[in-house]
Amino acid sequence: MAGWLSGMVKKNDRLTKVRMADYGRMQMTDYSYSVGALMFYTLYRLMGHQAFTHLVGAYYQRYEAGGGSSDDFVRLAKELSPVSLDQVFRDWLYSTRWTEAIANTPGHALPDRYRAAVGQK
């Protein structure tokens with residue numbers, strides 16, 4: 001998927017200008033599924049199965065009745081994660097730096113990129 005997205009970045013420069021947090025407002029929701037999938041894969045691999053599934057369950061329980069926002073998810077993820085997720089969210093949700101990450105890193109190795117950034121093995 002990272003290879004496909006890297007190709008799409010070359011075809012659609014809006015991906016380098018619009019952060020994922022704004023895809024809905026900018027009518028780019030088609031990309032939120034593929035970009036989001038890589039972000040969630042990275043979160044899963046960084047956090048580990050138990051912490052990630054706990055996060056998803058806790059988010060669902062907290063916001064099932066009223067709906068939560070991306071910012072709500074980020075706050076809860078940072079609260080529950082055993083590792084720092086700041087750079088992941090900065091790159092994938094609040095900027096377009098993910099486009100640089102996938103250009104230089106195969107999809108399966110994205111978590112390693114962030115582990116190295118926070119000194120995690």
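A: Q120 sits in the segment after α7. The model is predicted, and α7 has the lowest mean pLDDT among the elements of the protein, at 87. The highest mean, 98, belongs to α3. Across the protein, pLDDT averages 94, and 99% of the residues score at least 70.

Now the surroundings of Q120. Its relative accessibility is 24%, so Q120 counts as partly exposed. Buried would require under 20%, and exposed over 50%. Setting aside neighbours within four places in sequence, Q120 is in contact with L46, V83 and R115. V83 lies 37 residues away along the chain from Q120. The C-alpha atoms of this pair are separated by 8.1 Å.

Next, the core. The largest nonpolar core has 37 residues. The most comes from α2, with 7 residues.

Inside this core, the residues with the most contacts are Y23, F89, W92, W98 and I102. Take F89 from that group. Not counting residues up to four places away in sequence, F89 touches M39, L43, F73, V74, A77, K78 and Y94.

Note on methods:
Residues are numbered from 1 along each chain as its sequence is written. This is a predicted model: local features need pLDDT of at least 70, side-chain atom pairs count only at pLDDT 80 or more; totals for chains, interfaces and linings use all residues. Side-chain values use heavy atoms; hydrogens and water are left out. A nonpolar core is a set of buried Ala, Val, Leu, Ile, Met, Phe, Trp, Tyr and Cys residues joined through side-chain atoms within 4.5 Å. Buried means under 20% relative accessible area, exposed over 50%, partly exposed in between (1.4 Å probe, protein chains only). Helices (H or I, at least four residues) and strands (E, at least two) are DSSP runs, numbered from the N terminus. Contact means heavy atoms within 4.5 Å. pLDDT is the predictor's confidence in each residue, from 0 to 100.
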